[in-house]
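I opened this entry to look up a few packing features one at a time. The notes follow the order in which I checked them.

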Amino acid sequence: MTFSAERRTRRSIAWSSLRLLTLRDLKVRYATSLLGYLWSILDPLLMSLIYWFVFTQVFDRSVGESPYIVFLLTAMLPWVWFNGAVSDSTRAFLRDVKLVRSIALPRWIWVGRIVCSKGIEFLLSLPVLALFAVFSGASVGWGLLLFPVATVLLAALVLGIGLLVAPLVVFFRDLERAAKLILRVLFYASPVIYGAGDLPEFARPLAWINPLSGIFALFRAGFFPDQLDWGLVGASAGITAVILVCGILVFRRAIGGVLKEL
């Protein structure tokens, strides 16, 4: 077997293993659940309804656009993917120590399967967004074509952060709790319940250093074209690329020590 053929074989085995582990995660998660897949949409849906009620029925809303429920869901659904994947990545190796030690697979797969399983849940939740868009009378524009671009960018961002976090948590266990705290703060620091343009002048730099700002703008562009800021999108894409490259480099350097530590 030539070197190139052997390399293709290893790559094929790796992708096949990623698919099997992703499906395994989904089956384990919903095997004993009566509602099954519905659990993947209940959390973002209920949170969106709560914020919709607070900002439209209790207070006079001064942020976002109408229909506000669609405005919320276009960011809340990808946020759930981001939050769940980053949170689960902190235990990517610790949850399956025996499998990580014994199975000779590329170690990035243990992070990749989390990104993929959460991504599939995100895709399965999109019919909810479509239903609310139809019933609320939301207008649809050409920006909907940017939805796949936003999905790819978010997947790259989540993978980069996962590759950074997964090995570091093995060495620094407090990082797991720190990550949950940071995610809680990041939710309110990201344009989920508001748009990047709603930030006061002194807080505008926060949107430019937060890669989620441009990504959420892309998700919203199909329904709310005014949310699209190409400069913000470019900044988010650049930061995402840096995080992904850093994640790959850190992961490669740390994985040997991780296997010894487990």
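I start with what counts as a lining residue: one with an atom within 4 Å of a point of the pocket, where a pocket is an open set of grid points with protein on both sides within 12 Å along at least five of seven lines. The model is a predicted one.

**Entry 1, the second largest pocket.** I looked up which element gives the largest share of the lining of the second largest pocket. That element is α7, with eight residues. The lining has 21 residues in total, and Phe 82, Ile 161, Ile 182, Leu 183 and Leu 186 lie nearest the centre of the pocket. Two or more lining residues come from each of α3, α6 (147–171), α7 (174–189), α8 (204–209), α9 and α10 (230–261). I noted a volume of about 410 Å³ for this pocket.

Next I asked how many residues of α9 are buried. The count is 10 of the 10 residues, so α9 is largely enclosed by the rest of the structure. The buried residues include Pro 211, Gly 214, Phe 216, Phe 219 and Arg 220. I then looked for what covers them, and the cover includes α3, α5, α6, α7, α8 and α10. At the N-terminal end of α9 I found a cap from Asn 210, with a side-chain oxygen 3.0 Å from the backbone nitrogen of Leu 212.

I listed the aromatic pairs and got 11 for the structure. I took one of them, Phe 122 with Phe 219: the ring centres are 5.7 Å apart and the planes are at 70°, so the pair is edge-to-face. The cut-off behind that label is an angle over 60 degrees. Phe 122 belongs to helix α5 (residues 109–135) and Phe 219 to helix α9 (residues 211–220), so this pair ties together parts that are 97 residues apart in sequence. I checked the accessibility of both partners. Phe 122 is buried at a relative accessible area of 3%, and Phe 219 is buried at 0%.

I also noted one aromatic cluster formed by Tyr 68, Phe 71, Phe 223 and Phe 224. Over the ring of Phe 71 sits the charged end of Arg 220, at 3.6 Å from the ring centre.

Leaving out residues up to four places away in sequence, I listed what Arg 113 touches: Leu 18, Leu 21, Thr 22, Arg 24, Asp 25, Ala 92, Arg 95 and Asp 96.

Ile 109 is in helix α5 as well, and I recorded Ile 109 as buried at 0% relative accessibility.

Most peptide bonds are trans. I looked up where a cis peptide bond occurs and found one joining Ser 66 and Pro 67, with omega about -5°. Pro 67 sits in the loop between α2 (39–58) and α3 (68–89).

Definitions and conventions: Residues numbered from 1 in each chain as written. Predicted model: local features only at pLDDT ≥ 70, side-chain atom pairs only at ≥ 80, totals over all residues. Heavy atoms only, no water. Phe/Tyr/Trp six-rings, centres within 6.5 Å; stacked < 30°, edge-to-face > 60°. Helix = DSSP H or I, 4+ residues; strand = E, 2+ residues; numbered from the N terminus. Buried < 20%, exposed > 50% of the residue type's maximum accessible area, 1.4 Å probe, protein only. Lys NZ or Arg CZ within 6 Å of the ring centre and 35° of its normal. Contact = heavy atoms within 4.5 Å. 1 Å grid on protein atoms, 1.4 Å probe; cavity = no way out; pocket = protein on both sides within 12 Å on 5 of 7 lines; lining within 4 Å. Points joined across faces, edges and corners; volume = space filled by probe spheres on them. Polar contact = N/O pair within 3.5 Å; in protein donor to acceptor, adjacent residues only side chain to side chain.
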